[in-house]
Amino acid sequence: MNHIRVGRWISGGALVLLAGVYVRALAFTPIERSQGLAQKIFYVHVPAAWATMLAMGLVGIASILFLLVKDDRFDRFAESSAEVGTAFSLVMLTTGPMWGKPIWGTWWTWDARLTLTLFLFFLFIGYLLLRSAVTDAGLRARYSAVLGICGLVLLPFIHLSVYFFRTLHPQPIVLKPSAPSLPGPMLVTLLCSVTVFTLLYVGFVMQRYGIAVVRDESEPRHG
Amino acid sequence: MLRAEGLRHAFGRIRALDDISFALAAGETLTILGPNGAGKTTLLRVLAGLIHPQGGRVALEGGRRAVGWIGHAAHLYGHLTVRENILFWAALYDVPGGARAARTDAVLARVGLADRTGQPVRTLSRGLLQRTAIARALVHDPRVLLLDEPFTGLDLAAAAEFRRLLHELAAGGRAMVLATHNVEEGAELATHVAFQRAGRFVAFTSRAGRGAPEIADAYRRAMADA
Amino acid sequence: MREMLLHAWLVLRKDLVLEWRARTAFLSTLVFTVLVLLVFNFGRDPTAIGPLDLAPSVLWVTFTFAAMLALNRAFQLELENQALDGLLLAPVSRHSIYLGKLGANLAFVVVVQAIALPLFALFFNVDVGRVLGPLVAVMLLATVGFVAVGTLFSVMVIRTRFAELLLPVLLLPFLIPPLIWAVMTTAKLFAGRPLSEVVGWLRLLAAYDIIFVALATVLFPVTVSE
């Protein structure tokens, strides 16, 4: 129960902060010269992408830990992280085309990072489908840990393979070896938004984890 | 030969094994009596190494190679013949190549399948399938036998013949664990008897010359008390 | 290590004998593969798109479907009489069971491909002979990757509901990287480009194979042991 309550507070706080970030993004951050207002969507899109990657990475790490120590808590965490990750990847997949249409002139393009996120989404869906298809709790935990680890290993390969298709996507602008090329105020807004999305991720996962705890307590696992 | 120390295993909150310990020497047979769901099969699967117990340990002289297993399922391939199946399992159990054919034919003759060796397993009746499963379990001359309701599917004559075979094997110095809910069947072979209920051995005694009716009586009382 | 490979070989040989005895699965996969080639041929406007433009994609989409179908039945053989439990009871490392299964699936898919390739050359009027060596190399490299992941996943889905539907959903994202590299390499080969242009992709395919065969070998025991 506790997880749910704390998670609810964190999520609530993050949503308020998100509104704040958007006020800042719309009113106090300069409009990007070549892209105009459409660029504002970037303050949702990029942090959502970050949260999706974070979720997938943590599903993989929790899966490894589960197989090492066989503690149900890691399995529950992986389950929660995968569900929350699915939601963030949907945000990313809807905001991407909304931005792409005015800027690229097309809703969808087989650009490298767009394709990567699409496959992230499908990996999450596959993971959740596998979980729902296995009725035995012990089997479910082990199977989904195996899939989680394979997914984590697959990511760099998908990245490598889609990279060969000529990419339209803007090059990474924050995390690159040279100094960030985003103007100061935009960068600050983006970093605020990334922080808020991370908080949202933490809040959602805590609530989902709490629900999983309640479920496991009310329905004993059968062997 | 076979020792279990403090075995514990649970499926979620259902305790299948709760602090089970025993030791068996060569020539001894432990019969585990218990109702369905008492954890008998789980115990055998732990002893065979199919399940890693959450607590406790199993010491088995000779490892998995020394174990012969007869369970609910036959573990045979329908599209292979009786002989091909036994040869395959003999190879997996590292029976030396030169001795494989002779061992296979001998064990098939022992279970009364000498005239069925070329028949595909999928065409066998339930009783013949069970006999093939027995041959499968014995082909590598195991020192320890784990038997989970092994008489299922055998007619009276075949069951009697199989009991005779088990007596012979015990006299030859094998240790056996036999799980069953049929008291008469289990009591006959036992040197030791355990009553299992909800994962626990509620009683574990040497048989000490008691007859089947006495054991059946004790079993009913133990189940009623618990 | 020698023992592990020997046991893997025993499992592999047993699977191939079973496939041969029950040829239905193999023949169905083969007929399906040829039908997919036919469907592709009629699924294009011959006046607008030349056969060669589409050929690499057709070849690989067909092979992907064929592999999926083959993998769906990979562990079906082991369900009958719970033969898989028999394998797990035997003194055989779980890794050898995986490697044996991988080998058998690989043989199955490669034979289907070997029969489908000449038909593909015929239907799409592609001069395959000219680039046969490198093309076979790409086919083998990509197929090892497909089957390595597929064998691991097929043992997981086999006991779930909707196994035939779940396997493609789980597997397809994993097939995308080798599929992309294989299609690009094949296109270059058919276009008569020099080998040096495709070496990079062949390396990536090999890296994918090594990593996923190793990962699946390590993870397989988790899927079968409790």
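Colleague: How many bridges join β5(B) to strand β6 (residues 144-148) of chain B?

Modeller: There are 4 bridges, and the two strands run parallel. Strands here are DSSP runs of E at least two residues long, helices are H or I runs of at least four, and both are numbered from the N terminus; a pair needs at least two DSSP bridges. Within this pairing, B:G68 stands opposite B:L145 of β6(B). Before we go on: this is a predicted model, where local features need pLDDT of at least 70 and side-chain atom pairs count only at pLDDT 80 or more, while totals for chains, interfaces and linings use all residues. Residues are numbered from 1 along each chain as its sequence is written, with chains lettered from A and ligands numbered from 1 in the order in which they are written.

Colleague: Which residues of strand β5 (residues 67-70) point one way, and which the other way?

Modeller: In a regular strand, side chains alternate between the two faces of the sheet. In β5 of chain B, B:V67 and B:W69 point one way, B:G68 and B:I70 the other, and all are buried. Buried means 20 or more other C-beta atoms within 10 Å of the residue's own, exposed means 12 or fewer, and partly exposed is in between, with C-beta atoms placed from the backbone.

Colleague: And chain B as a whole: how many helices and strands does its secondary structure come to?

Modeller: It has 7 helices and 9 strands. Its radius of gyration, 18 Å, is close to the 17 Å of the globule rule for 226 residues, so chain B is as compact as a globular protein of that length. The radius is taken over C-alpha atoms, and the rule is 2.2 Å times the number of residues to the power 0.38. Of the 226 residues, 45% count as buried.

Colleague: How many residues does the contact take from chain C and from chain A?

Modeller: Each chain gives 23 residues, where contact means C-beta atoms, placed from the backbone, within 7 Å. On the side of chain C, α8(C) gives the most, with 10 residues.

Terms used. Contact = placed C-beta atoms within 7 Å.
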